Amino acid sequence: MKRSVFYDFTKGFIEENPTFRLVIGMCPTLAVTTSVVNGFWMGLSVIFVLVFANVFVSLLRKVTPDEIRLPVFVILIATPVVIVELVMKAYLPAMYEILGIFVPLIVVNCIIIARAEAFAFKQPVLNSLADGLGIGAGYTLNLILISGIREFLGTGQITIGSFRFPATPFFEPAAVMLTPPGGFICLGLLMAILNVLLARRERKTKAQAV
Amino acid sequence: MTERLVVSPSPHWKTDKTVPALMLDVVIALMPAVIASIVFFGWKALAIILTSVSSAVISEAIYEKAVKRDITIKDYSAVITGILLAMNMPPGVPLWMPAIGSAFAIVIAKQLFGGLGCNFVNPALAGRAFLMAAWPLHMTRDWLAPGFFGGVDAGASPTPLAVLKGESSGVLPGLWDMLLGNRAGCLGETSIIAILIGGIYLIWKEVIDPRIPLGFIGTVFVLTWVFGKPGAFFQGNAVYHVLSGGLFLGAFFMATDYVTSPVTARGRLLMGIGCGAITVLIRLWGGYPEGVSYSILLMNLVTPLIDRVVVPRYYGWKHEARKEKAL
Amino acid sequence: MLRARTLSGGVHLDDRKISSGKPVEFAGIPPEIVLFMSQHTGAPAKPVVKPGDRVLAGQVVGEAQSFVSAPVHASTSGIVKAVENRYHPILAKPSTAVVIEPDGKGEIWEGIAPGSDDISALSPEDIVKIARNAGLVGLGGAAFPTAVKLSPPKDKPIDVYLLNGAECEPYLTCDARLMVEEADEIVFGFMAMMKAVGAPRGIVCIEDNKPEAIMAMERAISGKPGIELCVLKTRYPQGGEKQLIQVVLGREVPPPPGLPFDVGVVVSNVGTAYALAKAIRTGMPLVDRVVTVTGAVRSPSNFRVLLGTPVSFLIEKAGGYAGEPGKVIMGGPMMGISLPRTDVPVVKGTTGIVVMTRDEVNLDKPLPCIRCGRCVDACPLRLLPVWIAAYSDRGTYEEAEKYRALDCCECGVCAYRCPSRRPLVQSIRLAKQAIMEERRARAQKASG
């Protein structure tokens with residue numbers, strides 16, 4: 001059966017949302033989501049690596065022996081990671097300072113290895129490309145959402161470059177949101193909300209089916 | 001046969017001391033401390049307490065309505081959470097803080113874990129810890145010097161604990177002022193006498209087990225006496241340590257929370273001693289001047305372990321235990 | 001007199017012994033007598049009469065089938081109407097019963113021969129035999145065959161015999177009245193019991209809310225060698241066998257299948273001692289007992305009741321219901337069984353009938369457990385009802401077994417004290433049943 005490329009792209013947003021449904025790739029999710037800008041660049045890096053890795057794993061899936069697939073994955077993932085790292089160092093040194101260790105750590109980010117193992121290794125190139133884009137985009141959206149909430153509550157405003165919204169905070173920012181506990185609370189609540197919504201939808205479809 | 005009879009398993013008698021009745025007792029026991037806080041910190045204290053309580057009750061009702069559970073605001077547990085959180089706040093905080101703290105305590109720390117009986121830490125203390133992490137400056141600076149019915153000084157006033165620790169310069173208040181509550185501190189923790197009245201009421205009504213407060217306060221007394229003075233043993237200012245900070249409030253009203261304290265008598269004693277030891281650790285060597293609330297939170301987390309380990313020797317198992325040992 | 005002591009744990013209950021001043025009167029012969037073949041712990045008796053037979057008071061209608069069993073005797077004279085299944089109040093299911101239509105004459109069977117007034121003339125074996133033939137069982141409620149209790153294994157010497165007059169259940173006064181009115185008979189029976197098991201020491205245990213009974217018993221035991229009185233501070237469930245042994249002697253019975261024998265003790269109820277005395281002196285088997293009918297009835301009373309008398313007949317005798325009845329309990333309010341109907345008969349273990357009005361019946365919905373530990377503090381066996389019940393509610397019975405669910409004596413103190421009104425005893429009972437079933441299944445697998 002031929003899988004729908006479109007579905008492979010969209011499933012990354014809700015059904016197989018990496019953070020909230022698959023609960024993978026949690027370290028950067030908690031560590032770098034203190035500002036929207038950080039989240040955005042982290043997400044972008046992951047998209048690039050994920051697409052690169054997915055496409056090449058899928059291309060080479062027929063010639064990769066099962067026994068050595070993991071080392072092959074690692075090489076295929078490490079390559080784009082190094083590219084991202086060098087590019088970022090060259091053109092976005094400030095961002096590289098902030099994201100720091102979490103950029104090279106994308107190598108061991110479970111999202112990427114999980115997609116390679118569970119998806120790209122078994123699926124055609126086009127689907128793998130869609131999957132990488134979808135999951136990566138879903139992940140980026142998550143990061144932006146979490147970091148948006150944390151930045152807004154933790155500093156009172158959202159700062160993108162010189163743009164600040166609102167210009168002056170209208171409430172006293174809660175420092176806790178920028179700390180790891182704040183990250184956990186935020187993540188947990190978002191996860192709960194998504195689960196409630198999905199459960200409700202499932203009930204509805206079940207009720208309709210009956 | 002004409003009579004319609006109820007059939008149910010024994011026992012056919014049940015005590016009148018139901019959860020709401022016990023909780024109401026706690027509310028009553030908190031009243032002296034509430035009144036003392038109003039006497040010393042004026043209308044501001046009343047406003048904080050009312051805000052905190054109404055926020056707790058309202059958020060409980062809204063949450064339970066939203067998830068279609070039974071509305072349990074009538075069991076007074078939310079009221080207690082609200083009062084306790086207010087008691088744990090400096091009198092100078094802005095009013096939105098108790099409101100947010102109570103909502104956090106009820107929704108995040110209590111209801112999300114399953115409501116009454118399922119929270120793993122004391123909700124009021126979780127709320128306090130959240131406020132402390134979110135707005136640390138308000139929670140550590142907004143002290144007020146006590147005045148009589150609102151004669152409150154605007155300037156910040158150091159708490160005795162900060163003075164004891166050498167963080168603030170200032171003079172320690174006299175012992176009598178410490179007992180009465182005429183000193184800087186959180187709303188409900190200042191008046192030892194008021195808290196004691198409530199605590200004794202609870203012990204007399206058999207609502208709380210005296211092992212927790214006695215173990216807690218006793219441990220703090222002994223440890224601060226032994227280690228209280230840097231470089232010398234047995235010279236610490238134990239009396240001041242015991243009377244200052246939130247020790248009495250925590251020992252009588254927060255460490256004794258049913259849900260988050262062990263079920264066995266020995267376990268509760270252990271809980272009290274553990275709380276005392278951690279409090280002293282934080283006070284003498286930790287980063288904060290006060291450690292009561294964190295010590296209780298930590299022991300709350302240990303409670304399931306205590307319950308697993310501290311098991312009474314069941315009736316009649318003396319012989320069996322001996323037999324097993326012999327094998 | 002031994003020093004007054006009391007149980008650690010347990011609860012102090014409002015004892016409501018409203019019928020304690022009422023002398024025991026004969027309830028009369030009811031229009032129908034229903035004698036269950038299973039009125040005791042152990043194997044049911046086998047009916048030996050058939051419909052149409054005429055039976056006389058004291059005549060055997062059911063024969064004991066095994067060692068742990070007891071015969072059943074006709075409690076009055078009349079015609080056997082049927083041998084059929086009737087609803088059994090304790091087992092809560094239909095069970096074989098001999099139904100007798102009394103002729104109102106109360107004629108005594110010719111096989112009844114007056115016995116002796118002298119215990120020294122009887123050997124221990126004689127006493128056990130009398131108890132067995134009289135169908136004696138423990139009248140405190142558990143209905144364990146007395147003959148079995150009186151024959152301890154030879155390797156377990158008995159040094160103390162406890163006579164249980166604690167009567168710790170609220171409302172019930174049948175034992176208290178019996179002690180007031182028949183103290184000498186009770187002591188006579190008690191001495192026979194002590195002789196049967198070879199116990200050199202006997203202790204009469206009474207709670208301090210029964211001063212009249214204490215006075216009567218104190219007088220009756222004076223001059224009797226080896227018998228002492230122990231007054232206990234009132235506390236529930238002090239009258240439980242294990243609790244009584246712990247409170248009076250400081251000994252703890254090993255966990256099930258441990259028995260009081262294992263610590264050199266036998267415990268019997270005062271009612272049993274009285275019945276044994278009667279069986280020795282008059283040769284009359286166990287055909288009646290004292291039953292307290294109390295609670296929401298117009299005139300709470302203590303009746304001498306023929307076994308097999310319907311509960312409804314007794315309630316009528318006590319003046320009928322006062323107010324709308326909500327619950328009719330056979331036994332006390334703590335451990336008794338609530339009856340779905342009142343046409344069921346009194347059995348050997350029935351200590352009382354307690355009527356509760358509709359307003360007194362608690363139908364509150366249980367709240368979630370808040371782990372307050374009040375059940376743990378009160379459990380007389382120092383168990384952890386909170387965990388046993390929690391595991392039972394989740395269906396993880398192996399965990400409940402680890403917390404010694406099987407040790408539970410179902411005294412009900414935990415459920416009484418639970419501020420969330422959780423049915424702890426019910427949960428624990430469920431766990432016990434599941435564990436026993438599991439064990440049986442395992443044993444069957446092993447043997448088959």
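**Salt bridges and surface patches**

Over all chains, the structure holds 42 salt bridges, counted wherever a side-chain nitrogen of Lys or Arg sits within 4 Å of a carboxyl oxygen of Asp or Glu. This is a predicted model, so local features need pLDDT of at least 70 and side-chain atom pairs count only at pLDDT 80 or more, while totals for chains, interfaces and linings use all residues. Residues are numbered from 1 along each chain as its sequence is written, chains are lettered from A in the order in which they are written, and side-chain values use heavy atoms, with hydrogens and water left out.

Take chain C to begin with. C:Arg251 and C:Asp159 pair up through their side chains at 3.0 Å, N to O. C:Arg251 is in the loop between helix H6 (241–249) and strand E13 (265–269), and C:Asp159 in the loop between helix H2 (146–149) and strand E10 (160–165), so this bridge ties together parts 92 residues apart in sequence. Helices (H or I, at least four residues) and strands (E, at least two) are DSSP runs, numbered from the N terminus. C:Arg251 is partly exposed at 22% relative accessible area, and C:Asp159 is partly exposed at 33%; buried means under 20%, exposed over 50%, and partly exposed in between (1.4 Å probe, protein chains only).

Another bridge, between C:Glu181 and C:Arg177, also comes in at 3.0 Å, N to O. Both residues lie in helix H3 (174–181) of chain C, four residues apart, about one turn of the helix. Here C:Arg177 is buried, at 7%, whereas C:Glu181 is partly exposed, at 33%.

The side chains of C:Glu401 and C:Arg439 meet at 2.6 Å, N to O. With C:Glu401 in helix H11 (397–402) and C:Arg439 in helix H13, the pair links parts of chain C that are 38 residues apart in sequence. Over in chain A, a network of salt bridges joins A:Asp8, A:Lys11, A:Glu16, A:Arg115 and A:Asp131.

Chain B carries a nonpolar surface patch of about 1000 Å² accessible area together, with B:Phe221, B:Trp225 and B:Phe233 among its residues. Patches use residues with over 30% relative accessible area and no salt bridge, joining nonpolar side chains (Val, Leu, Ile, Met, Phe, Trp, Tyr) within 5 Å and like charges within 9 Å; areas come from the Shrake-Rupley method with a 1.4 Å probe, and for residues only the protein chains shown count as cover. H10(B) gives the largest share, four residues. B:Phe233 sits in the loop between H10 and helix H11 (238–243) of chain B and is exposed, at 54%.
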